[in-house]
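Dear colleague,

Please find below the structure for your attention. My notes on what was found in it follow directly after.

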Amino acid sequence: MSGKRFLILMISILGSTYLPAQDVVNDDESSSYNLNKPEREEWLRNTNNGMFIHFSVDAPLGIVISHSLVGASADYVNRYFTELPQVFNPARFNPDEIAALAKLAGMKYIMFTTKHHSGFCMWDTKTTDFNIMHTPYHKDLLKEWVEATRRAGLQVGFYFSPEDFHFLHRHHLPISRDNVVMNEEVQQAWTDFTRRQCEELMTNYGKIDLLFIDGEPKEIVKETCWKLQPDILITRGALKTPEQMLPGVTITDPWLSCITMGTAWQYQPTNDRYKSGRQLIELLIEARSKGGSLLLNIGPKPNGEMAQEQEDRLREMAAWYFVNREAVDSVRPWVITNENNNWFTASIDKKTVYAFVTDAAAWKEGDRKSLVFHSIKSTAATRISVLGQNSLIQEYRPGKDVGCKYQQTDTGLVVSVVKAQRLYDDHRWPNPVVIKIEQVEPAIQPVQVQTVSAKTTAATVLLQGKVLNYKGDAAMKAGFWYRVYNGQTEDLYAGPWIKTRAVKPTADGSFTVTIGGLKKGQKYEYKAVVEYNRISFNGDEKVWQQ
């Protein structure tokens, strides 16, 4: 996956003059234009999650997809391009099984890697011999997958990388994502090559619903694909697509976050660290609470089968989704994303709130739990229920009171419910329980918090934040949370947040805190946090290096 900068430095072949370098952020927010139709972006806002599939010719090695070519020896590169196609044979690829499981887990689309950065094409292309037809499999795998996805009633998404290491190799250029030097002739050949590949993808496989462009140049891809498929929804290349992380705050525009089950995009048989099913469910909940969609990745085994670890987690997600689907499908953020470990989504009209009790592993079946929600206010018509259960009967406990109750107090809405549904044989379902609270109103006006900057010295750092539209409330306290930052891939495995001391904002809402005892050269991530009305309001997360 991408996340670096890709620089194209074109050299004029007439003379030795250098054209100005074009520094293009390999992300989505630098897009020059967006022709996505509003109804397609609205569809994404209503979509809780999709499946990403990373699969390419280097899967038999169980290594990072494509990136091992960067900085590789000439011998390695030659054997990669010549030997790996001879052993790549996903003979047990069953796209119908994968699509059926994706649908059961609540996914509404599948995004498949048609071509990753190595340049290997998973379709019958006429642009290069480095493709699936020149392997022992010798079938158009992409076509099989597209047809299976449609049979499952899911939308078809293509991942496409315009960056192409095989193209660079054929033109005797160094394989790099940081600095590629091309003359005009090669640059034009690359543009034509990319256009022709996009034309094949957009004309040979029927209607394509979504496109994820990973790499540069994006513009020729966008131009070609929107021209041939005007209804296609381009995600990366037109929308925000944070990778291996979730944004720190709610984003009002449509967005998705692409995240792996472990640390690897392609199948990695050893030395990977899988997130638990519960963690993946909580990532989905957080994404929906912040207005986005989760694009969850799998990487098939070299023979095409889904890895058991990945299937197991998808089935756990499927069980949770079967119970709680209405809390994540076609919902919007509530006035606040969460109160401690309780997260929220809301119906589009904001009259129904879904409260996700994520700290539920120790909540025993049959026990009653009381929670206070400070952001929700009841009305005369308020109703409370727990998704998936009728709250009338608990198995083997005849006559037990398992009903749902609530009381509005001066400090918040007190909700009392019983975990009464049996989902595991041992009666220990560890995953979030969802409380549906109908006919309610917001009890608060959200506080908008901005994480401003970090100014470092040799021994300390001055963290700066601001409360927007601050009205001088004496009860409001502000500070920061921070922790060691070990990189994008490690972000979801980071340690607990450390809290700074709390201070009172100044008259314009600004606040600062100085901290010391930090390791020189270490990167840290931080966010501004305001405590008000018993609720924590967060700013977005930023990174600084000490």
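Among contacts in the chain (heavy atoms within 4.5 Å) between residues at least 6 apart in sequence, 72% join residues at least 24 apart. Please note that this is a predicted model, in which local features need pLDDT of at least 70 and side-chain atom pairs count only at pLDDT 80 or more, while totals for chains, interfaces and linings use all residues. Residues are numbered from 1 along each chain as its sequence is written, and side-chain values use heavy atoms, with hydrogens and water left out.

Overall form

The chain holds nine helices and 26 strands; these are DSSP runs numbered from the N terminus, with helices being H or I of at least four residues and strands E of at least two. Its radius of gyration is 25 Å, close to the 24 Å that the globule rule gives for 546 residues, so the chain is as compact as a globular protein of that length. The radius is taken over C-alpha atoms, and the globule rule is 2.2 Å times the number of residues to the power 0.38. Along the principal axes, the C-alpha atoms fill a box of roughly 75 × 60 × 40 Å.

Of the 546 residues, 55% are buried. Here buried means under 20% relative accessible area, exposed means over 50%, and partly exposed lies in between (1.4 Å probe, protein chains only). The chain exposes about 23400 Å², and carbon and sulfur atoms supply 50% of that area. Accessible areas come from the Shrake-Rupley method with a 1.4 Å probe; for residues, only the protein chains shown count as cover.

Cavities

The count comes to four cavities of 30 Å³ or more. A cavity is a set of points, on a 1 Å grid over the protein atoms alone, where a 1.4 Å probe fits but cannot get out; lining residues have an atom within 4 Å of a point. Grid points are joined across faces, edges and corners, and a volume is the space filled by probe spheres set on the points.

The largest cavity contains about 110 Å³ of space. Its lining includes V323, N324, W429, P432, V433 and V434. Helix α9 (308–324) and strand β18 (433–442) each supply at least two residues of this lining. By class, the lining of the largest cavity divides into eight nonpolar, three polar and one charged. Ala, Val, Leu, Ile, Met, Phe, Trp, Tyr, Cys and Pro count as nonpolar, Asp, Glu, Lys and Arg as charged, and the others, Gly among them, as polar.

The second largest cavity has a volume of about 60 Å³. It is lined by 14 residues, of which G262, A264, D272, Y274 and Q310 lie nearest its centre. That lining divides into six nonpolar, seven polar and one charged.

R288 and V331

R288 belongs to helix α8 (residues 277–289) and is buried, with a relative accessible area of 1%. Leaving aside neighbours within four places in sequence, R288 is in contact with residues including R45, N46, D329, V331 and T345. V331 is found in the loop between α9 and β11 (338–339) and counts as buried at 4% relative accessibility. Beyond four places in sequence, V331 touches R45, R288, E326, T345, A346 and Y354. The C-alpha atoms of V331 and T352, 21 residues apart along the chain, are separated by 9.7 Å.

R150

R150 lies in helix α4 (residues 141–151) and counts as partly exposed at 36% relative accessibility. Not counting residues up to four places away in sequence, R150 touches V156, Y205, G206, K207 and I208. R150 and Y109 are 41 residues apart in sequence and 9.5 Å apart in space, C-alpha to C-alpha.

Backbone geometry

Most residues other than glycine have a negative phi, and most peptide bonds are trans. E216 and P217 are joined by a cis peptide bond, with omega of about 5°; P217 sits in the loop between β7 (210–213) and α7 (218–228). Phi is positive at N533, near 55°, and at R534, near 65°. N533 is found in the loop between β24 (523–532) and β25 (535–538), and R534 lies in the loop between β24 and β25. N533 is partly exposed, with a relative accessible area of 41%, whereas R534 counts as exposed at 58%.

Yours sincerely

Conventions
1 Å grid on protein atoms, 1.4 Å probe; cavity = no way out; pocket = protein on both sides within 12 Å on 5 of 7 lines; lining within 4 Å.
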